[in-house]
Amino acid sequence: MIADMELVARVTSSNDQAAFQLLVERHQSVIRGFLRRLAAGDHGTADDLAQETFLLAYRKMHTLKSGGSIVSWLHTIAYRQFLQFTRKHARQYVMPDPPEQSHDPTNSSEAEILVDRLMGYVSSEERACMTLAYSEGMSHPEISEITGFPIGTVKSHIQRGKQKLQRWLQDHDHTLSKKNPGPGDGPEQEAHRA
């Protein structure tokens, strides 16, 4: 398998469309998933933003620093695209409502929908930090690099977001994984996994 940075070199040196297509295929599901969480489950908006992210990445590929992580770089572009979209459409864009209790969290697809929609309950900054930490498995320094927030702010956003989700889950008697949660499967753990 060809390394990402080799593909980047091919794109920047000879405008290799096939190399860029391979990069898109490798990373599009991760970027779409990140944007879907940021958009609180609004798949149409997330897919549009993912497409814009890759178009911009193609045009700016020459700015990717040697030895840098293409995954972090793409997340940075995606996050900035999302921020730009929310600023531009602040009055028009309505986040989806938090889910109703009728969602069946034992159904994995409904659990995913529940998590996506719950993310609309926290601020976009909290949503970004939590998604990068828990869904993408990134460290606080990596999140800081992507979002531009100081590390302390990243930690605060994650903590506040978790507390909001825990409170919502408790107030609405929700669980994400089981109808009858066992020890260690309470809202705290569900919000942590979100």
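Me: Buried means under 20% relative accessible area, exposed over 50%, and partly exposed in between (1.4 Å probe, protein chains only). How much of the protein chain do buried residues make up?

Reply: Buried residues make up 42% of its 194 residues. The model is predicted, so local features need pLDDT of at least 70 and side-chain atom pairs count only at pLDDT 80 or more, while totals for chains, interfaces and linings use all residues. Residues are numbered from 1 along each chain as its sequence is written, and side-chain values use heavy atoms, with hydrogens and water left out.

Me: How many helices and strands does the protein chain have?

Reply: Both are DSSP runs, numbered from the N terminus: helices are H or I with at least four residues, strands E with at least two. The protein chain has nine helices and zero strands, and its pattern along the sequence reads α-α-α-α-α-α-α-α-α.

Me: How should one judge the length of a helix such as H3, and what span should H3 have?

Reply: The expected span is 1.5 Å times one less than the number of residues. With 18 residues, H3 should span 26 Å, and its end C-alpha atoms lie 25 Å apart, which agrees.

Me: Which residues of H3 are buried, and which residues on its other side are exposed?

Reply: An α-helix has 3.6 residues a turn, so residues three or four places apart point the same way. In H3, Thr45, Ala46, Leu49, Ala50, Thr53, Phe54 and Ala57 are buried. These residues cover an arc of only 165 degrees around the axis, which puts them on the same side of H3; the arc is taken from the directions from the helix axis to the C-beta atoms. On the other side of H3, Gln51 and Arg59 are exposed.

Me: What does the same reading give for helix H8, and how far apart are its end C-alpha atoms?

Reply: Helix H8 (residues 151–171) has 21 residues and should span 30 Å; its end C-alpha atoms are 30 Å apart, which agrees. Its buried residues are Val154, His157, Ile158, Gly161, Lys162, Leu165, Gln166, Trp168 and Leu169. Seen down the axis of H8, the buried residues fall within an arc of 165 degrees, so they line one face of the helix.

Me: How many aromatic pairs does a search of the whole structure find?

Reply: Rings of Phe, Tyr and Trp (its six-membered ring) pair if their centres lie within 6.5 Å; planes under 30 degrees apart count as stacked, over 60 as edge-to-face and the rest as tilted. The search finds two aromatic pairs. Phe20 and Tyr58 form an edge-to-face pair, with 4.9 Å centre to centre and 65 degrees between the planes. Phe20 belongs to helix H2 (residues 17–38) and Tyr58 to helix H3 (residues 43–60), so the pair ties together parts that are 38 residues apart in sequence. Phe20 is buried, at a relative accessible area of 12%, whereas Tyr58 is partly exposed, at 25%.

Me: Separation in sequence and separation in space can also be set side by side. How far apart in space are Gly67 and Met5, and Ile2 and Ala19?

Reply: Gly67 and Met5 are 62 residues apart in sequence and 7.8 Å apart in space, C-alpha to C-alpha. Gly67 sits in the loop between H3 and H4 and is exposed, with a relative accessible area of 72%. For Ile2 and Ala19, the C-alpha atoms are 9.3 Å apart in space, and the residues are 17 apart in sequence. Ile2 is placed in the segment before helix H1 (4–14) and is partly exposed, with a relative accessible area of 28%.
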